Amino acid sequence: MEFQSENRCDSQLRRKGNRKKSRHGNHHGNHQRKKYTCKVTVKQPVQSISLNKKTLILEAGNTFSLKASVLPSNASNKGLSWSSSNSKIASVSSNGTVKAIGRGTAKITAKAKDGSGKKAVCTVTVNLSNTISFSKSYVEVYEGCCFLLDDIGVDVTLKYEENYGLGTVDPSVVSQMYDAASSNVYFHALKPGRTTITANTVSGASTSLTVAVKSLGLPAAAKKSPPGCGYHFIRFWFRPGYDLLPGTLF
């Protein structure tokens with residue numbers, strides 16, 4: 001856009017000293033028209049921003065590309081800055097790629113860089129598809145034996161760090177007790193039979209372990225240190241006549 005300015009008075013004043021006398025003694029101004037040009041650039045601010053998703057649900061570890069539409073199409077600066085309200089839950093790159101990290105909700109914001117203050121927000125919910133598993137699916141123990149899972153060679157594996165609970169399907173065969181001092185769950189094989197020990201996470205993942213409890217038989221049989229028994233014992237959990245260590249009489 002161009003503007004022109006013609007100011008005769010200003011031109012005359014500037015050129016007052018350039019007047020010349022005529023031969024008749026009169027002064028005639030050297031009138032010249034001066035042209036001034038000013039170039040003006042008009043910027044078009046961003047009026048609105050929209051995203052291809054207003055809400056998004058992702059599993060931890062997954063990504064999604066948010067696409068932004070900026071109006072009007074002739075906006076002078078369509079640049080956007082991306083940010084996350086909680087990068088521990090979901091992060092976002094400079095091009096709008098969202099990465100789900102931890103369970104929870106975060107807001108991803110795309111804001112115009114032209115100073116107009118226009119922005120768009122996408123609410124991202126991140127879930128954990130956790131898995132839990134035992135290192136074994138079947139174990140055998142002897143009746144009267146008290147054990148931790150570690151004692152019988154069973155490890156618990158989680159995909160994500162999360163709290164989980166242990167339980168038994170038939171507590172008349174294998175009961176359990178939580179020791180608050182050590183934060184351990186002890187199991188006690190009460191009688192011959194089969195039952196299942198389960199593990200369940202807060203998010204709903206689960207796994208199971210089949211436990212077969214074998215009869216110890218006559219007291220003489222106890223002299224053969226039964227396999228599958230650890231050494232975390234409480235005396236009253238054992239049948240009368242057995243010491244704290246399996247296979248030892250008092």
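**Reading a strand residue: Thr 168**

In strand β21, Thr 168 has Ile 197 as its bridge partner.

Guide: Quick note before we start: this is a predicted model, where local features need pLDDT of at least 70, side-chain atom pairs count only at pLDDT 80 or more, and totals for chains, interfaces and linings use all residues. Residues are numbered from 1 along each chain as its sequence is written, and side-chain values use heavy atoms, with hydrogens and water left out.

Visitor: Okay! Which strand is Thr 168 found in?

Guide: Strands (E, at least two residues) are DSSP runs, numbered from the N terminus. Thr 168 sits in β18, residues 164-168.

Visitor: What is the strand order in the open sheet of four strands?

Guide: That order is β15-β22-β21-β18, with mixed pairing. β15 (138-142) and β18 stand at the edges with a single partner strand each, so one side of each has no neighbour in the sheet.

Visitor: Is Thr 168 buried or exposed?

Guide: Buried means under 20% relative accessible area, exposed over 50%, and partly exposed in between (1.4 Å probe, protein chains only). Thr 168 has 17%, so the residue is buried.

Visitor: Which residues does Thr 168 touch?

Guide: Contact means heavy atoms within 4.5 Å. Leaving out residues up to four places away in sequence, Thr 168 touches Val 174, Gln 176, Phe 187, Thr 196 and Ile 197.

Methods: Pairing = 2+ DSSP bridges.
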